Structures are given as C-alpha cells and as structure tokens.
Amino acid sequence: TDLAFLKAGVEIGLRDGRDGDEATFVYEGGIREFVRYLNETKTHLHQDVIYFADEEEIEDGDVQVEIAMQATDELQGSIHAFANNINTREGGTHLTGFKTALTRVVNDYATDEGLLGDLDGTLKGEDVREGLTAVISIKHPDPQFEGQTKTKLGNSEVRGIVESAVHRHLGTYFEEHPDTARAIVGKAVE
C-alpha cells in the first residue's frame, strides 16, 4: 500500500485469485495522508501535517523532493524514505540530508526563540526526531542504489538538495506556524 500513498490519485487494485477477495487502495492526499495514516493511533503534538515539495535541476534532469511530517508524543520516531517509489529501508543520502537539516532548523529556531532553557549546548538529532513521523520521497533521473539489498540511495548530490529544501521550507514553516514549531522544540527539549 506504500505505493498508493506515493502516487497520489493512483488507484491500486488487488484481487486474490484463490478466494476472490479484492481490495482497492487510493490516497488522494499522497504522503501527507500517509503520515496521517501512520499516526492515526498516536497523540499528535500539532494537528497539521507539515508538507513541502521542491525541485532542483541537475545535469541529468530534475530531482524532486517531497516531505511530510508530524510530531507525536511517542518515544520512537518513524521515518520512511523512498527514492523513485522504492522503499530505501537502509536510508541513504536523502535521509542523511533530511536528518541534518531538521536538526539544524530546530536548533536555530530554539536558539533564536530562547527555548533551550537550561540545556547545555544544542539539541541532538535523536532528541529532535523523537516521536516524529516523516515520509521523505525523492524522484531522481538516475538513482544509484547501494547495499546488499539495493535499498540505500547513494547519489551524493541528493544530500545537499534535500538539506537545502528542508532548511528553506521548514524554516519558513516554523516562522509562519510558531505554535507547531514550539510543540516540536518542546518535545525535543523534554
């Protein structure tokens, strides 16, 4: 069903030839709806699902970046990364870029707003990602997969493209939605 979320509006039908059972999957909201689905049994720290998309031209074509996320009160985070609709379970450069920029944006906001309290230094990445549900989806004209199962994205330029998109869009989102930003920072500072 992951693919139905990644391709908003695409209808995927399955029929079991053994007993005739059928199921249809279609999600108009794309990865935003995927995050809502993943969080449906969790307590959200903010109602809105943060979403943004970006695109950057490279030599071979365009790299498209789409990210949706929502913070919950859970201890574990849940980050799902995809490259060209392939679940990159082992992560890769898109996930590294996301994590790096997310930590930087949250720390910048927390510092600027004086929200770090008695904390010595800055927030660590694992603190920022605690309870966060996120879906990262990139489209690349020539994806390079690594790892034994070929589920790790290796394109080096993708890290910077994703970092730049997260830094720009999430930074703007935090400025425009201070309640959501404070909820995310508050969870990380706990």
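# Close-up views of a predicted model

View 1. Buried here means under 20% relative accessible area, with exposed over 50% and partly exposed in between (1.4 Å probe, protein chains only).

The model is predicted, so local features need pLDDT of at least 70 and side-chain atom pairs count only at pLDDT 80 or more, whereas totals for chains, interfaces and linings use all residues. Residues are numbered from 1 along each chain as its sequence is written, and side-chain values use heavy atoms, with hydrogens and water left out.

**View 2. Strand E8 and its partners E4 and E5.** Of the 8 residues in E8, 7 are buried, and the strand is thus described as mostly covered. Two strands pair if DSSP finds at least two bridges between them; E4 and E8 run antiparallel and are joined by 8 bridges, with Ala68 opposite Val135 in E8. Strand E5 (residues 78–83) runs parallel to E8 and is joined to it by 6 bridges, and Phe82 has Ser137 in E8 as its bridge partner.

**View 3. The packing of helices H3 and H6.** Helix H3 (residues 93–112) and helix H6 (residues 178–189) pack at an angle of about 105°, with their axes 10 Å apart; the axes are lines fitted to C-alpha atoms, for helices over the stretch in contact, and angles run from 0 to 180 degrees between N-to-C directions. The two helices are therefore roughly perpendicular to each other, a term for angles of 65 to 115 degrees, while those under 35 count as roughly parallel, over 145 as roughly antiparallel and the rest as oblique. Contact, meaning heavy atoms within 4.5 Å, is made by Val106, Tyr109 and Ala110 of H3 and by Pro178, Ala181, Arg182, Ile184 and Val185 of H6.

**View 4. Lys187 in helix H6.** Lys187 is buried, with a relative accessible area of 8%. Not counting residues up to four places away in sequence, Lys187 touches Leu45, Thr72, Asp73, Glu74, Leu75, Glu130 and Gly131.

Terms used: Helix = DSSP H or I, 4+ residues; strand = E, 2+ residues; numbered from the N terminus.
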